[in-house]
Each structure stands twice: as structure tokens, then as C-alpha cells.
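Here are my notes on this model, point by point. Please keep the structure open while you read.

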Amino acid sequence: MNAPHPAPPRPGACARTLARLACTALLAFGAASAQSAEADLRERLAACAACHGERGEGVAGSTYYPHLAGKPAGYLVEQLQAFRDGRRHYWQMVWLTQYMDDAYIAEIAAYYAAQPPHTQAADVGAPALPAAVRERAEQLVHHGDAQAGVPACTACHGAALTGLEPAVPALVGLPQDYIVSQIGSWRDGTRRSKTPDCMARIAAALSPADIRIVAQYLSHQSPGAHDRPAAPGSLMPPLTCGDLPHAQVTP
């Protein structure tokens, strides 16, 4: 007895099968292309990785090089442009950015912003702050000093100090000496932001002792390993600052 012939394919079955295969191939190609593009970008960012970590997570024991991972892309764009355009002065960064165009800067910023944020305390295992130092630091960080004209750090950088989209950075995870050096740079004009430069105004109002106290406190903070910057518009900064679209206009 002859074996039965297989049933002919239903109309459209072959087309659907081919479409599924084509779609699978395209997705696989797209994933491979994306991985290849990221690998290519990471190779081009080898100079950045030497100081900031392979994915911007920071380098253990580094005193003056901040982490980049998970910071808002708008902030990273502004800082790279500042090095390129002369608003920040650190010769290694100036040398690296001097020929970067805005498109490449945006690509770099998007890469680091997409990485898991690094918010663990920089000074892990450091001795606890003396009670008086901690009290003054907590006052400045969480409440500010109205008499000196200093707003709370959390008013702009978020309640968890993990930053605010689109362009306010995290303060946690930064080494004490790095924070001191950056506030000092705002005080002496070697670091400038887009006008109105609220950080220059705040840095000028802080005493050297308060700068050190705040830096000590911030370097001890660790709200969580994966906390991202606050959503845009989730808080209203008390000072007009640069071109942030959500900044409150002050008289």
C-alpha cells in the first residue's frame, strides 16, 4: 500500500514562515550590529576607561576622577562641551575633547548615561563623622543655610542625591577630594557652567570649612546601587541655573 502524500501547505503558510525567518534574521542582525557598535564605541573610549572605568563605573581608589555611569546625558554633554569650549580647565580632558563635534559628544554621553548608575559611597569604611560635623553637614545638604544664601543640595540634586534629569548630576559616589576641588574651581572661576551659573553663586557663599564638611558627608553617602536620577520636573530647583527647562525663574 502506497504511503499517503503529505498535505500541501495551506495558502500563505510559506509566506508566513519566510516572514518569520526573515524577521528572526533581521532581529539577530540588529542585535549583532548593536553589540558591534557598542564594542566599537567602547574601543574608542579606551582613554576614558583608563580614568573612569570601562563603563564609567569609576576606578577604585581614584581621588580626582568621578564616575560617569548613570549620570544624566544632558549633564555629560554639558561637561564635555565645557572642556572643549574652555569653561572647564583640566588639560587631559581638554586634549581629549578639543576636536570632538557635538554629535560624537552626544553619543558618548548617551553611552555612559545608559549604564547602571554607580551610587555606592566613595569612602566605604571611612570612620564615622564627628557628631558636630555631621550635624552641620546634614543641615547644609538637606536644608541649606538661608542666612548665607545657600540652598539645600537636595533641592537640585534630588532627595537621594542621585541627580535630576535632564542635566543635574548625582553627588553620591564622589570622592571627598574631588568634591572639594570642583567647588573650589567654581569659586576661583576655573570651572564655569552656562549662565546663570548657580553653582558659582553657591560656591562663593560657602566657607572653606563648610565645603570640606559637605564633601566629607557626601562621600559617605550610599542610597543604593541602582538608584537613577529623579525624573524631569519631579522637583523645582530654587535657583535659575543654566538652560534647565524646569528651573524656576527668580527675580
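1. Helix 8 covers residues 176–188. At 1.5 Å a residue, its 13 residues should span 18 Å, and its end C-alpha atoms lie 19 Å apart, which agrees. The expected span is 1.5 Å times one less than the number of residues. Helices here are DSSP runs (H or I, at least four residues), numbered from the N terminus.

2. A word on the basis. This is a predicted model, in which local features need pLDDT of at least 70, side-chain atom pairs count only at pLDDT 80 or more, and totals for chains, interfaces and linings use all residues. Residues are numbered from 1 along each chain as its sequence is written, and side-chain values use heavy atoms, with hydrogens and water left out.

3. Which residues of helix 8 are buried? They are Q176, Y178, I179, V180, Q182, I183, S185 and W186. Buried means under 20% relative accessible area, exposed over 50%, and partly exposed in between (1.4 Å probe, protein chains only). The buried residues of helix 8 pack against helix 9 (198–205) and helix 10 (208–219). Just after helix 8, G189 takes a positive phi of about 85°.

4. Leaving out residues up to four places away in sequence, L218 touches V141, L161, L171, V172 and I179. Contact means heavy atoms within 4.5 Å.

5. Now helix 3, residues 73–85. Helix 3 has 13 residues and reaches 18 Å from its first C-alpha to its last, close to the 18 Å expected at 1.5 Å a residue. Its buried residues are Y75, L76, E78, Q79, L80, Q81, A82 and F83. They pack against helix 4 and helix 5 (102–113). Just after helix 3, G86 takes a positive phi of about 95°.

6. Q79 deserves a look. It lies in helix 3 and is buried, with a relative accessible area of 8%. What does Q79 contact, leaving aside its neighbours within four places in sequence? R88 and R191. The side chain of Q79 makes a polar contact with the side chain of R191 (3.0 Å). A polar contact is a pair of N or O atoms within 3.5 Å; within protein, one must be able to donate a hydrogen and the other to accept it, and residues adjacent in sequence count only if both atoms are side-chain atoms. The C-alpha atoms of Q79 and S193 are separated by 8.4 Å, although these residues are 114 apart along the chain.

7. Last, the aromatic pairs. Rings of Phe, Tyr and Trp (its six-membered ring) pair if their centres lie within 6.5 Å; planes under 30 degrees apart count as stacked, over 60 as edge-to-face and the rest as tilted. The count by this rule is two. The rings of Y65 and Y90 have centres 6.5 Å apart and planes at 70°, so this pair is edge-to-face. Y65 sits in the loop between helix 2 (46–52) and helix 3, and Y90 in the loop between helix 3 and helix 4 (91–97), so the pair ties together parts that are 25 residues apart in sequence. Y65 is partly exposed at 28% relative accessible area, and Y90 is partly exposed at 33%. Y111 and Y112 form an edge-to-face pair, 5.1 Å centre to centre with 65° between the planes. Both Y111 and Y112 are buried.

Note on methods:
Helix = DSSP H or I, 4+ residues; strand = E, 2+ residues; numbered from the N terminus.
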